[in-house]
Amino acid sequence: MAKEKQIFEIPEYLSVRDLAELIGASPIDVMKLLISNGIMASINQQIDYDTAAIVVEEMGYEARPVTPVVKEVEQAELPKWRHFYDNQSPESLKPRPPVVTILGHVDHGKTSLLDVIRQSHVQENEAGGITQHIGAYQVEHNGRKITFLDTPGHEAFTAMRARGAQGADIAVLVVAADDGVMPTTKEALAHVQAAHVPVVVALNKIDRPNANPERVKRQLADIGLVPDEWGGNVLVVPVSAKEKIGLEDLLEAILLVADETEIVADPTAPAAGTVLEGRLDRSRGPVATLLVQNGTLKQGDIVVAGTSYGRIRAMFDEYGEPVKQAEPSKPVTVTGLSEAPEPGDTFTVVAKEKEARAIVAERKQKAEAAARRGPQTLSLDEIFAQFQAGDVKELNLIVKVDVAGSLEPIVNSLEDLNVSDIGVRILHAEVGNITESDIMLAIASGAIVLGFNVRVDPAAQALAESNGIDIRTYDVIYKMIEDVELALKGMLEPVYEDVVIGTAEVRAVFKVPRSGKVAGCYIREGEARRNAQARVKRKGQVIYENGTVSSLRRFDEDVREVRAGFECGVGLSGFDAFQEGDVIEFTVRQRVN
């Protein structure tokens, strides 16, 4: 008699981790089975019932859809954007208005669409409409509210994510019906997908004589956005911002996606959310626009926002009207903070001002320490170490190539690399040079940027260096693939070189009791640092190298660094035979790949 298979009830969607826990298997074994079936999924990624059923059945069990009365499993895995209330019980979470951002190609009508929605749907009974710009506003549709972030563009969207905030619940991707999918459209989609935010497509400019919606839908399907009418899961809504056509349908589509995504918050919790804007007002001092994403913010609450804190003295809505409290998804302008916070900072309410001061002091101390260390690059060979520590489950890549013919073989070869259970996830692959937008996406998602026969824009290079983003360029495809494979195996050896950060001219030599001789120097270029290495040149010849700076003083004070144009005293460990006219070069060891 055949042994009866164990039955597991599987919800419509669940994460790989939850599936593994449900059937008592290792998450890595589950991921291996998914990979063998051509499905790349990270441990926290959501998979649907059909995909989960394949795994369950290959494990020797039987899968059945979960019965509707069981809600615990569906609510247990909160999506990534709900980080403000990860530890709260599902019973305390109530529906809240969705927060929507609008992205797309530069002249496909993002701003026009925002403007017409605002003019048409912000509470009509308010005389004069909106009286001030606060970076966000709420509209009403069928008695339900929707919050729009009035900062269109994937640069703004990703800049917020790069600072730790997940501002939007839903992204509206605007595509012109006469122009179709553009490279910037694909860029915007990459930023949205990296954030795991659901997409609604607004097919704009359908009023134009040369509009071709069916052609654009085919283009959307080609980049993975299959319209729901073609059996896909993306709502594509024809609209015209100019003629005010389709606006009701677009708002309805947003609410449908919101219902599927189950956007919730706990209105009774201490408030938390995201800073949308910060500025210094001449009459009111530091002013910040806050988007409440959990809890209820009240006048008099003590708020910590980045390295700013304070008791809220006053709150204003988008009309400039004073309000006493702000519920989840409501944007408000507040006064009372110690300084203007940065857009994208997250804010929280704390119980006492003393606690707020302590949090801010610690954050400033960490920021100063990080600034002294310089940017810490997350590079290819460090990915493996993070995987072993359990911090990384997949390698995020951004790929830029010179011609379309190179794109497919490179992407296919990279996607086939799965070593030691680390998956390769290509966030964005496109023809063209490496740009600032690529680096912003890398900052927000912790990705490595790979280039094949392309240049790095100077602005992108500077942004990457200041944020520790690893850019690797190649002119041979197999070398690129080999480097990534070696990195996944933990075998890629980093290459370092000494970089000169400053030079100093010795103008005097002083004898210091018990310390030998110290050089009185003038910093000609760059800077001298206390933790730098040093070499001494005399008449162009190196007479001492690989020394460390043992002392760096200005007047009677020990200092960490001295910049060009200033004088200082320099002591080196293991060398004090200075002569006037010697040149000291200060170096730091930096990775070059």
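Q: How many disulfides does a search of the whole structure find?
A: A disulfide is a covalent bond between the sulfur atoms of two cysteines. Here the test is a pair of cysteine sulfur atoms within 2.5 Å. A search of the whole structure, which is a predicted model, finds 0 disulfides. C521 is in none; its nearest cysteine sulfur, that of C568, is 5.5 Å away. C568 is likewise in no disulfide, with the sulfur of C521 at 5.5 Å.

Q: Is C521 buried or exposed?
A: Buried means under 20% relative accessible area, exposed over 50%, and partly exposed in between (1.4 Å probe, protein chains only). C521 has 3% relative accessibility, so it counts as buried. C568 is buried too, at 7%.

Q: What are the ground rules for these values?
A: Residues are numbered from 1 along each chain as its sequence is written, and side-chain values use heavy atoms, leaving out hydrogens and water. In this predicted model, local features need pLDDT of at least 70 and side-chain atom pairs count only at pLDDT 80 or more, while totals for chains, interfaces and linings use all residues.

Q: What is the mean pLDDT of the chain?
A: pLDDT is the predictor's confidence in each residue, from 0 to 100. The chain mean is 81, and 84% of residues reach 70 or more. Elements are DSSP runs numbered from the N terminus: helices (H or I, at least four residues) and strands (E, at least two). Helix α4 (residues 72–76) has the lowest mean pLDDT of the elements, 26. Strand β15 (residues 297–298) has the highest, 94.

Q: Where is the pLDDT below 50?
A: Residues 67–83 form one such stretch. Beyond near neighbours in sequence, that stretch has 27 contacts in the model (heavy atoms within 4.5 Å). Residues 123–132 are also below 50, with 17 contacts counted beyond near neighbours in sequence.

Q: Which residues have a positive phi although they are not glycine?
A: Most residues other than glycine have a negative phi. K244 has a positive phi of about 55°. K244 sits in the loop between β11 (235–238) and α9 (247–261). S329 has a positive phi of about 75°. S329 lies in the loop between β19 (325–326) and β20 (331–335). S329 is buried, with a relative accessible area of 0%.
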